[in-house]
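Let's walk through this model together, starting with a pair of helices and then stepping back to the domains. Have the structure open as you read.

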Amino acid sequence: MSIALEEMELPWEEQRVEFSSQNQFTPEFLSISPNNKIPAMIDPDGPGGEPIALFESGAILLYLAEKTGRFVPSGAAERYQCIQWLMFQMGGVGPMFGQFGHFHKFARDETTDPYALNRYLDETKRLLSVLEKRLTGQDYLLGSGYSIADMAVFPWINTLFGFYEAGEMVGISDLPAVDAYWQRCLQRPAVQRVMPA
Ligand SMILES: N[C@@H](CCC(=O)N[C@@H](CS)C(=O)NCC(=O)O)C(=O)O
């Protein structure tokens, strides 16, 4: 979400939610994000000039793109292509890479049974192969250029190759288009402002 706010040049203010203090369960936060997850946002200048609160990153990205008229194509066919790749992150990349990261990084010492790790590793690799195919011959998920779909997908690739240190494990050397896409997104000034190297 912070990448989108920077790309769209919108003024924004961060409120940190400390998971270690269980702040995601406070009544104040739940009134904005009833699923107790980040990201969530309040726009004091929402539709009709009224404040709006939103949770779920896909809904937030679509809202911001429509509010600014940026990073979502205006033509119907391309617009749905964009939504399609955004939903591919919401239903696939986000949950599956996240589960892989749980068993690979956070719960490594919790279980000796390799079943769960292998299940999510296989699914992560499969999703990466879908991305590799899509990104071969084009810079971003949409042929027309960088969009909110990239703002949703790319940070998970960064987490996988960076924070999870799983590049070798998922076969990054067989994913040249995904690797180049990762580097391309990292070069964007808005990305560098919120994700300094
Ligand atoms: N589908 C959600 C996923 C959000 C999500 O899983 N957020 C995690 C952090 S990355 C979270 O808030 N976890 C806190 C918790 O589960 O209590 C979205 O895209 O916004």
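At what angle do helix 3 and helix 6 pack, and how many Å apart are their axes? Keep in mind that this is a predicted model, where local features need pLDDT of at least 70, side-chain atom pairs count only at pLDDT 80 or more, and totals for chains, interfaces and linings use all residues. Residues are numbered from 1 along each chain as its sequence is written.

Helix 3 covers residues 57-68 and helix 6 covers residues 148-163; helices here are DSSP runs (H or I, at least four residues), numbered from the N terminus. The two pack at about 145 degrees, with axes 9 Å apart. The axes are lines fitted to C-alpha atoms over the stretch in contact, and angles run from 0 to 180 degrees between N-to-C directions. From helix 3, the contact uses Ser57, Gly58, Leu61, Leu62 and Ala65, and helix 6 answers with Ile148, Met151 and Ala152. Contact means that C-beta atoms, placed from the backbone, lie within 7 Å. Sorted by class, that makes six nonpolar, two polar and no charged residues.

Now zoom out. The domain assignment, which is automatic or from a database, gives domain 1 as 2-68 and domain 2 as 76-191. Their centres, taken over C-alpha atoms, sit 23 Å apart. Nine residues from domain 1 and nine residues from domain 2 make the contact. On the domain 1 side, helix 1 (2-7) and helix 3 each supply at least two residues, and helix 3 gives the largest share, five residues.

Definitions and conventions:
Contact = placed C-beta atoms within 7 Å. Nonpolar A, V, L, I, M, F, W, Y, C, P; charged D, E, K, R; others polar.
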